[in-house]
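Here is a short briefing on the model shown below. The points are grouped by topic.

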Amino acid sequence: MTKYGFYFDSSCCSGCKTCQVACKDKNDLTEGIRFRRVYEVCGSAWEKDSKGTWVPDIVAYNLSVACNHCENPSCVAACPTKAMHIGNDGIVLVDPDKCVGCRYCEWACPYGAPQYNPQKGIMQKCDFCSDYIKEGKKPVCVTSCLMRALDFDTLENLESHYGANRDVFPLPHSGQTGPAVIIKAHPGAAKAKELKASIINREEVRNDR
Amino acid sequence: MAGQNRREFIRNSAVVGGVALTATGLLRETFGYETGEVLAAHLPRNGWVYAGCPAHNCGGRCLLKVQLTDGIITHLETDDRPGDSPEDPQLRACIRGRSYRRRQYHPDRLMFPMMRTGKRGEGKFKRVSWEAALEKMSSEMIRIREKYGNEAFFVPYGTGSYSHINGRWPAVRLMNLFGGALDYYNSYSWACISKATPTVYGTAITGNQRQDWLNSKYILMWGWNPAEMRDGTNSDYFLKLARENGARIVCIDPRMTMSAVALADEWIPIRPGTDTAMMSAMAYVIAEEGLFDKEFVRTHCIGFDSTQMPKGLEKEESYLDYLFGTFDGEPKTPEWAARITGIPSATIARIAREFANTKPAMLYQGYGMQRRAYGEQPVRGGCVLAAITGNVGNHGGWASGIARQPGGEPFWSIFPTGENKVKAKIPTFLWSEAVVRGHTLTEKEGLTGAEKLSTSIKMIWAVASNILVNQHGNSRKAAKILEDESLLEFIVVQDQFMTESGRFADLILPACTHFETWGLQDGWKYGEELILLPQLLEPYQETKSDYRICADLASKLGLAGAYTSGLDEKGWTHKLWDEYRHIRFPDLPDFDAFVKSNQGVYSVPVVKPAISFENFRMDPEKFPLTTPSGKIEIFSETLFRMNQPVEIPAVPKYICEWESPFGPEAKEYPLQAIGPHYMARVHSTHANIDWLNEAFPQRIFMNAADAKPRNIKDGDRVKVFNERGTIVLPCRVTPRVMPGVVSVPQGAWSVYGKDGTDFGGNINTLSSERWTPLAFGNAQHTIMVQVEKYKA
Amino acid sequence: MIGKEWSLIVFSMAMQLSAGIILIYDLFLLSPLYRTRVDIPARFQWILMIALTAALVGVAFSLMHLGNPGNATRTLANLHSSWLSREIFSVLAYTLLLAVVTILHFTMPSAARSLKWMVDFTAISGIVLVFIMSRIYMIPTRPAWNSVFTPLGFYLAAIILGSSLLLIFQINHGSWASQKLLAILSFSIPLIQLAILPVFMAWLGQKDLVSGNALAIILDNHMAAFYLRLGFFILAIGFGIWAFFSIRSDTLRNHLLFTPAILAWAAILAAQIIDRYLFYAQNLPAEGF
């Protein structure tokens, strides 16, 4: 079985959210639903020096996160109806005919991937643009990226191109669910914990409905 | 919120007009057109069509791949040409282009001509026919021409729509056929930099093609934020490549911008309006430590030191005299600059050394710093730093200044507008002065082409322009000027949405979108490409293309033949396409064949990037500059002769701004407010698009050091105010803006409450109409404000 | 944020009320009766009716939480790994058992002895249900929920809701001892809840950033609810103590218990509702995702 994955280069992501909107356009998503979200991680210690000038010690970087189509997806484990399931090629999918709209997968997923559609009363999520994969194309977010910070391929190919790192602060440890994503960390991420960084753009990424 | 208010507003205006809107209202409430919309047979109904991304006044020029299903746009993709090399990169559209469906099928789009029924600015309109609308407009034009003459007409700066055949150019062509109109020069974007750059280099073409950035080893992104403002499609991508090639990138900016996050190795926060102080201190360190390119300065520059002064001015203040304080007793040391800029002196000295010692190096100036009180100074200061370090005319270097690229001309519009018989020109920002006191304007207010004007402006025809109110400095004052019917006798606003400017119109003309007509765009400031915008859809409701509106008006005025030359929008596109073959791209394919091929873009790979001043660098005697001295003018005799040494010095100087943290105004209004470009908008265009507002809601950005003492928490609604106005908007508390500075992204649409409070969060409610001394440019970013927690 | 959780607040409280009633009923009301071998009194039938009604209300509200209730029948499909599946199963099992027991209370009031083991069984299934309900929330993605405080809180809520209600039922009929016991529960459980509160808050504050944010949200955005809950807790304790001292062995003076018991029950219900509301307000994803 082929196992696909995303690659994300956080070091050059500007946070422009073109990926988010390209995805919304392809999937006709109304306001509030984002299969791909861009999280702004930021932490700092501004200090006034002896001469009264402000000196920043700051980290800031972006994380573009869709569904990582995990090996052990907690959304699938949590789903009471088995609507959330692992389909062909390891793609995690929602069966709209089975979904009961309980939103428990939304709680269970450590990446915030499953998105509730209040009009339809069911969950929706990234499907790796399955139709595009069949046509030999890459997912729409990948080809939209202005900085060429996103890529898509088989995990095997991605690992040989970009290495195997799957972790960056503050994503949950990859051992938890086995996400199919290879990540190049922003250099600032090394200092993120020290500077008490956190996601600061909640109003831009959360679905409150 | 703004969108809703506007929707209500249009409904209200329709009620006032007594027009039943039920059927069309229903249509507008739906996402797209209703099924059964009749589409012309010549338009594609299904499949993928490559089309230029409607750029408005975006710095990028991109390609969209439009999916049509039964004549409706169902999906947008972007450039997917194989290859994507640095020589010929894909022109990938950003979030604004990708959300264009939400604009194209927006329920608030204007649908038919409307005439004002209430007072000016009240926003009450009634629907009228095109016949009645154009009859009214032509009769007003004839009346005003008879009463005041052609100087009474003005087609203001407007960038909400352009693709050569669209936007204000067709209106200018008609006005010129009608006898001309008062013209303007420079722009809201880069008034100071377009004026000041030639005082150093004699030209505005000071940049290199971007592929050359990959040769640079050190890049100062000075107030430059290409990722967010889209300063050229792929500019941020080229910087990424330059960095991968080993360039160190340092960002100097009051904000840790998206560009700083994605591209810079270091961010140095600087107090807005003090860039020239930092530049001067850098030059001081470079001069003091002998780090400048002595040979280049000797052979290619004048005015650096007293040995290089123009004849007869040997005793005047040279640049070194300024730096060392020979005349004013104030050496421009890093310690001096630290107090002004808020940057530690050691950092200033270190950046100076890094910049001077790393070769080749680029100092790229953004345009935000020159939309300020003495915006001419940092432009000249940046150019001088580039010059004294010998980074002019070489690969990997950068002469600084406005930096239009060689070979890239023309980048604005080549639509033939004809000859304007009115020779008088005003600085574009001073249109409101020309409305209030046109006949008193002189060269002191930047009037050119005439000693004085015979009349104030009496009729404005604003095409794709929101500068009448929303985007003008001190927009509340501008609104008062527009309200006064004794000043402007007729205002026409031609646009796609009911903008804040539109509210003040006497006549509204609804224009169609780029997808509904033909157009053409080149790579603007950068990029060797020509992009086609083929018509994909029938114009919505009763809308027409800007060109068609003008052509119909021309026939009302009896000018139809002269105006159209028998060409429609596609005909003009064809004609301009062929024109490009003569002026820029000799190998351009046949128009019809290109349209048929469905490629969308014609691009020329840049294998050997062009460098400005290459010849001049090689041999300054044989290839002199067009400056009076033929050299790089660190000291400008021209400026010296203007005899205003305090505000227009002959060498670049730091001048304390008229509103600053150092003046008495800081007591009441202690925070500097800047209005940067926002990813969600192109100026005020796109301000009503849900997907964009979801991604980037309008907010004020504030450092915790300023928020905490004011008891403001992240997400709180705050009141931002000064003596010109008050805005209310949510607050994002973030360390990514320096203490003492707040950032209110420009371009949000004003939504005024009863007491005049602007709940839309438009920074121009707070900005000033005062202009800069040399360029007569807008200084809208120079404002002081106070911020409080908002209590309803 | 809270708006969408109202159905869950009602569902979880109704189920816990029901389980608490049955548990307390089994322990303190039915057990003595069982030993004395008399018929089940009519008011016990009503206790069962109330517990069953609460469970049915809970089931109804759980359906209201679903975006697509048409698929509700499918929710038992993943007992293998989904705590939600297990919850729904145990809700149904418990309610079914309770319905049977209730019917038997009405149809076979004299069979107290044989009913006793069935009530025992129902009470145990209620205990299991409350545990499974708490397991739903004990997930690493919701740090503020993921602790022993969640089952502790749910069990205390079940016990206090059940005991304070049954105290009212015992006013004119119950034994002096059972009244005393129920009254002690009515003020000591809120006292325990009140005592746990600072421990929980201290734990939240030091655990991690998200839990800290959850705490901050309560203190910043739900300050009124926070203090209201404190107030009702204190009122509940006060009324509970008042009730305790109003209990007389003299059955003629039973009416003295009436006012404090009703007030205690009302204050407890208010405190628990606000407590549950604040529980859902802490629905903050780990690391903000």
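Chain B is divided into domain 1 (114–188 + 428–512 + 544–586), domain 2 (192–401 + 621–641) and domain 3 (665–789); such bounds come from an automatic or database domain assignment. This is a predicted model: local features need pLDDT of at least 70, side-chain atom pairs count only at pLDDT 80 or more, and totals for chains, interfaces and linings use all residues. Residues are numbered from 1 along each chain as its sequence is written, while chains are lettered from A and ligands numbered from 1 in the order in which they are written.

**Domains 2 and 3 of chain B**
- The C-alpha centres of these two domains are 29 Å apart.
- Domain 2 of chain B has 22 residues in contact with 21 residues of domain 3 of chain B (contact: C-beta atoms, placed from the backbone, within 7 Å).
- On the domain 2 side, α7 (191–201) and α8 (226–229) of chain B each supply at least two residues (helices are DSSP runs of H or I, at least four residues; strands are runs of E, at least two; both are numbered from the N terminus).
- α7(B) gives the most to that side, with three residues.
- That side divides into 10 nonpolar, five polar and seven charged residues (nonpolar: Ala, Val, Leu, Ile, Met, Phe, Trp, Tyr, Cys and Pro; charged: Asp, Glu, Lys and Arg; polar: the others, Gly among them).

**Helix α6 of chain B**
- α6(B) (residues 169–177) is largely enclosed by the rest of the structure, because eight of its nine residues are buried (buried: 20 or more other C-beta atoms within 10 Å of the residue's own, with C-beta atoms placed from the backbone).
- The buried residues include W169(B), R173(B) and N176(B).
- Their cover includes β6 (153–154), β14 (459–463), α19 (546–556) and α20 (560–564) of chain B.
- G179(B) follows α6(B) and has a positive phi, near 115°.

**Contacts between chains**
- Two pairs of chains are in contact, and chains A and B share the most contacts.
- Chain A gives 36 residues to that contact and chain B gives 39 residues.
- The chain A side divides into 17 nonpolar, nine polar and 10 charged residues.
- Chains B and C do not touch; their nearest C-alpha atoms are 10 Å apart.

**Chain C**
- Chain C has nine helices and zero strands.
- Its C-alpha trace spans about 60 × 45 × 25 Å along the principal axes.
- Of its 289 residues, 45% count as buried.
- Of the contacts in chain C with a separation of 6 or more, 80% come from residues 24 or more positions apart.

Methods: A residue is buried if 20 or more other C-beta atoms lie within 10 Å of its own, exposed if 12 or fewer, and partly exposed in between; C-beta atoms are placed from the backbone.
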